[in-house]
Amino acid sequence: QVQLVESGGGLVQPGGSLRLSCAASGSLFSINDMWWYRQAPGKQRELLAAITRGGSPNYADSVKGRFAISRDNAKNTVYLQMNSLKPEDTAVYYCKAAVAISKLLFFRDYWGQGTQVTVSS
């Protein structure tokens, strides 16, 4: 059993910052790529950022220059630093990880439960 648990969401004023964390735990052997998504009410889930095991990031145009993804492989944790937040960033933020549970290295995707981010004055 593999669990991903996000934390760090909350209420922030426009222009503010938040740092989200997503920690993987359980019977995992290796984690490959990790991602952050968000879903606003009435909208489809949107891919924001991805990071390889080696630490190479990629970003959606909507967050490039404002958000930064990073990871700590020793802690099985991925982070999302969010700066210059806007009201339109309000959404539930989800992490996803490609996890192998054995040395056979068959990776499957696991999702976290989501954390709410609200940007409002």
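Author: Buried means under 20% relative accessible area, exposed over 50%, and partly exposed in between, with a 1.4 Å probe and protein chains only. This is a predicted model, in which local features need pLDDT of at least 70 and side-chain atom pairs count only at pLDDT 80 or more, while totals for chains, interfaces and linings use all residues. Residues are numbered from 1 along each chain as its sequence is written, and side-chain values use heavy atoms, with hydrogens and water left out.

Strands here are DSSP runs of E of at least two residues, and helices are runs of H or I of at least four, numbered from the N terminus. Asp109 is partly exposed, with a relative accessible area of 38%.

Lys96 is also among the residues in contact with Leu4, neighbours within four places in sequence being left aside; contact means heavy atoms within 4.5 Å. Others on that list include Cys22, Cys95 and Trp111. Leu4 lies in strand β1 (residues 2-7) and is buried, with a relative accessible area of 5%.

Asp89 forms a salt bridge with Arg38, the closest N and O atoms being 2.8 Å apart. Asp89 lies in the loop between β8 (77-82) and β9 (91-100), and Arg38 in strand β4 (residues 30-39), so the pair ties together parts that are 51 residues apart in sequence. Both residues are buried, Arg38 at 8% relative accessibility. Arg38 also meets Glu46 in a salt bridge, at 2.9 Å from N to O. Glu46 is partly exposed, with a relative accessible area of 27%. With Arg66, these residues make up a network: Arg38, Glu46, Arg66 and Asp89 are linked by salt bridges.

In total, the protein has 5 salt bridges. Its secondary structure comes to 11 strands and 0 helices. Of its 121 residues, 42% count as buried.

Methods:
A salt bridge is a side-chain nitrogen of Lys or Arg within 4 Å of a carboxyl oxygen of Asp or Glu.
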